[in-house]
Amino acid sequence: MVSVNEYFKNVWDTVKSTAIGMRITGKYLMQKPITVQYPDERMPIPDRYRGIHYLEQEKCINCLACARACPIDCIEMDAVRHGKELEWVKFTLDYQKCMFCELCVYPCPKDCIHMGTEFALVTTDRSELNHDLLSFKGMDRAAKIRMKEAEVKKAEKEAAKAAKAAAAKDDAADAPKDDAEEKGD
Ligand code: SF4
Ligand code: SF4
């Protein structure tokens, strides 16, 4: 059975703890709310945050240094070379495996693969976690123009070389004739 003293002590403890709780609630009642309404609002993200990667494709030279540096083989790429130009087939990064370690970023000789500030990877389909970092497939317009110009230059060089060779051949054919004419004189 509870004694009278214990009964009043319990009442006092209840009143005291309620007063402490209400004091804390009252303190926050006067402050502005700090809740961030994600995803409509976002907290500021530090510049060095290691989020989802992005690629500056026009700078990339398909050297594979990033893929080789990745400890868990998340990066796969494929491109066809046309002289100096690249025809891109794929450049994927699998976020089912990626641990956001940034080891793929440092060895890039062109400084073209980066970790951004985007972090949302919500999906109901795992295949969507294999991100394609390419902004375009195949060749971009500037590369196509450069390739055409290079082809025209090459054709011109070859034509000039062929013309030179033909001229040299004609000269060689004319030489014995000239000698014979000189001897006849
Ligand atoms: S962040 Fe790390 S795990 Fe992810 S792709 Fe780059 S090297 Fe691989
Ligand atoms: S290391 Fe850089 S340049 Fe080389 S393939 Fe990767 S992103 Fe491209």
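Q: Where does N62 sit?
A: N62 lies in the loop that runs between β1 and α2 (65-69). Helices are DSSP runs of H or I with at least four residues, strands are DSSP runs of E with at least two, and both are numbered from the N terminus.

Q: What kind of model is this, and how does the numbering work?
A: This is a predicted model, where local features need pLDDT of at least 70 and side-chain atom pairs count only at pLDDT 80 or more, while totals for chains, interfaces and linings use all residues. Residues are numbered from 1 along each chain as its sequence is written, chains are lettered from A, and ligands are numbered from 1 in the order in which they are written.

Q: Back to N62. What is its phi?
A: N62 has a positive phi of about 55 degrees, although it is not a glycine.

Q: Is N62 buried, exposed or partly exposed, and why?
A: N62 counts as partly exposed because it has 15 C-beta neighbours inside 10 Å. Buried takes 20 or more other C-beta atoms within 10 Å of the residue's own, exposed takes 12 or fewer, and partly exposed is in between, with C-beta atoms placed from the backbone.

Q: What about D111, where is that and what is its phi?
A: D111 is in the loop between β3 and β4 (113-115). Its phi is near 50 degrees, which is also positive in a residue other than glycine. D111 counts as exposed because it has 10 C-beta neighbours inside 10 Å.

Q: New topic: which residues are around ligand 2?
A: N62 is one of them, and others include C60, C63, C66, C108 and C112. A residue belongs there if its C-beta atom, placed from the backbone, lies within 6 Å of the ligand. The shell has 10 nonpolar, 1 polar and 1 charged residues. Nonpolar covers Ala, Val, Leu, Ile, Met, Phe, Trp, Tyr, Cys and Pro; charged covers Asp, Glu, Lys and Arg; polar is the others, Gly among them.

Q: And how many residues surround ligand 1?
A: There are 13, and the closest are C70, C74, C98, C101 and C104. By class, 12 are nonpolar, none polar and 1 charged.

Q: Which residues make up the largest nonpolar core?
A: That core has 7 residues: C66, C74, I75, L93, C98, C104 and I113. A nonpolar core is a set of buried Ala, Val, Leu, Ile, Met, Phe, Trp, Tyr and Cys residues joined through C-beta atoms within 7 Å.

Q: What does I75 touch?
A: Leaving aside neighbours within four places in sequence, I75 is in contact with C66, A67, C70, L93 and C104. Contact means that the two C-beta atoms, placed from the backbone, lie within 7 Å.

Q: What order do the strands of the sheet have?
A: The sheet is open, has 3 strands in the order β2-β3-β5, and its pairing is antiparallel. Strands pair if DSSP finds at least two bridges between them. The edge strands, β2 (75-82) and β5 (130-132), each pair on one side only.

Q: How many bridges join β2 and β3?
A: They pair over 8 bridges, and D78 stands opposite K90 in β3. The two strands form a hairpin with 2 residues between them, and G83 in the turn has a positive phi of about 65 degrees.

Q: And how many join β3 to β5?
A: There are 3 bridges between β3 (residues 85-94) and β5, with D94 opposite N130 in β5.

Q: Last one: which peptide bond is cis?
A: The bond from Y38 to P39 is cis, with omega near 5 degrees. P39 is in the loop between α1 (4-29) and β1 (53-55).
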